[in-house]
Amino acid sequence: MIKDSNVPMAMTFPPLLVVLLLALSTGPLCDAIWLNIPKTGTKCVSEEIHSNVVVLADYVVVSVEDGQTATIAVKVTSPYGNNLHHRENVTYGRFAFTTEEAGNYLACFWSDNRTRGSGEVVVNIDWKTGIAAKDWESVARKEKLQGVELELRKLEGAVEAIHENLLYLKSREAEMRSTSETTNARVAWFSIMSLGICIVVSGLQVWYLKRFFQKKKLI
Amino acid sequence: MESKWGKIWGLIGLLLLNFVNNVSSLSLTITKVECVYEIVRSEGDIVSGNFVVVDHHIFWSSDHPGLDFSITSPGGDILHNLKGTSGDKFSFKAPRSGLYQFCFHNPLSTPETIAFYIHIGHIPNEHNLAKNEHLDPINVKIAELREALEAVTTEQKYLKSRDAVHRSTNESTKTRVIGYTVGEYMLLTIASVLQVIYIRRLFSKSVGYNRI
């Protein structure tokens, strides 16, 4: 039912790019995704990030047409519109920043018009935030950890992150519960007030018309 | 006293927000069809993930039927197929290595935003142990632990996306309650004032005619 005419499996993956991909992947937990960039228009990926979070991303163009790799342009913007990273006519790149404000961070890709070819460009994006972006090599060097100790330290970091996320979810749930309760109270109040207004207004109407007819000596 | 505790909890919540990391999923806007691809390195890896339709501005509940979601293996078979969902979790064991395709299809023309997260977990098993002498059995256990923690993290990302959707529904309910009630009051008052004016005019004219 879903037709996707641009199947990248038909494209060739030169061994150099595969090696580059594997080199860019840090460890077995590489959750890099591939996206189709259309010939015209931009493809944007966004994420809702809090402040003071490290964001690290790598992007590599994977598709090859006519023996040359297609080029893309990248633009990363903060929620307030500041430009964090902007490159044109590149095939690979990396950007890293620490978020200052909480909000929606947007990374947009579009293909440069200079590339010939009819197909779409496929980009490999490896986007890591927070604990996944932590530089374990420097921690290992500083504290002289290796092997099993380093792995256990990574696990400890992951557990801390899970704990903090759970606390965050709990606080959000409390906030939502208070919003629901105020809405519930408001619905009740406003309905009673609406009934009251109805009665008051009709009472005023009747009183005013009675006065009017008495003045006109009809009653 | 209650407001003081409320402020303290709010402050703690804000402080905790600064340390929260890695609870996030990538968002994508889908106009017609969007596909996300992932490479699975070795056969037998567990692919798990979830997605939630975030931008669901429903006016009446029958507005948007939801998105269609499908997972295609490198061989071309469709592993998972869902129609009309507003979010789901999935988890499967990859039958072979290669490029897996996760496609979202929007049946209507209004663009929808989704938040998705895909994780591929690899645990080295005894087969790899035999091949690679440097692989300690403890590494297998550590890999299993890591995958269990990743499962918890994946679930938390799903919960967070769902929480965002519920929050937007809640806030929309709040604004609707206030907006519609105030509008109702004003309409009621205007209608009754118009009624009175109309009756006045009726009786003024007819009285005038009668007197004539």
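Tutor: Happy to. This is a predicted model, in which local features need pLDDT of at least 70, side-chain atom pairs count only at pLDDT 80 or more, and totals for chains, interfaces and linings use all residues. Residues are numbered from 1 along each chain as its sequence is written.

Let's look at α2(A), residues 136–143, and α3(A), residues 148–215. Helices here are DSSP runs of H or I with at least four residues, numbered from the N terminus. The two pack at an angle of about 125°, and their axes are 11 Å apart. Axes are lines fitted to C-alpha atoms over the stretch in contact, and angles run from 0 to 180 degrees between N-to-C directions. α2(A) and α3(A) are therefore oblique to each other; under 35 degrees counts as roughly parallel, over 145 as roughly antiparallel, 65 to 115 as roughly perpendicular, and the rest as oblique. Their crossing is right-handed, meaning that the near helix is turned clockwise from the far one by less than a right angle.

Now for the side of each helix that takes part. From α2(A), Trp136(A), Ala140(A) and Glu143(A) meet Leu150(A), Arg153(A) and Lys154(A) of α3(A), where contact means heavy atoms within 4.5 Å. These contact residues divide into 3 nonpolar, no polar and 3 charged; Ala, Leu and Trp are among those counted as nonpolar, and Glu, Lys and Arg among the charged.

Further along chain A, UniProt, in an unreviewed entry, places a "transmembrane region" at residues 187–209; such annotations may be inferred rather than shown by experiment. That span is 100% helix and 0% strand, and its end C-alpha atoms lie 33 Å apart.

Technical notes: Chains are lettered from A and ligands numbered from 1 in the order in which they are written. Side-chain values use heavy atoms; hydrogens and water are left out.
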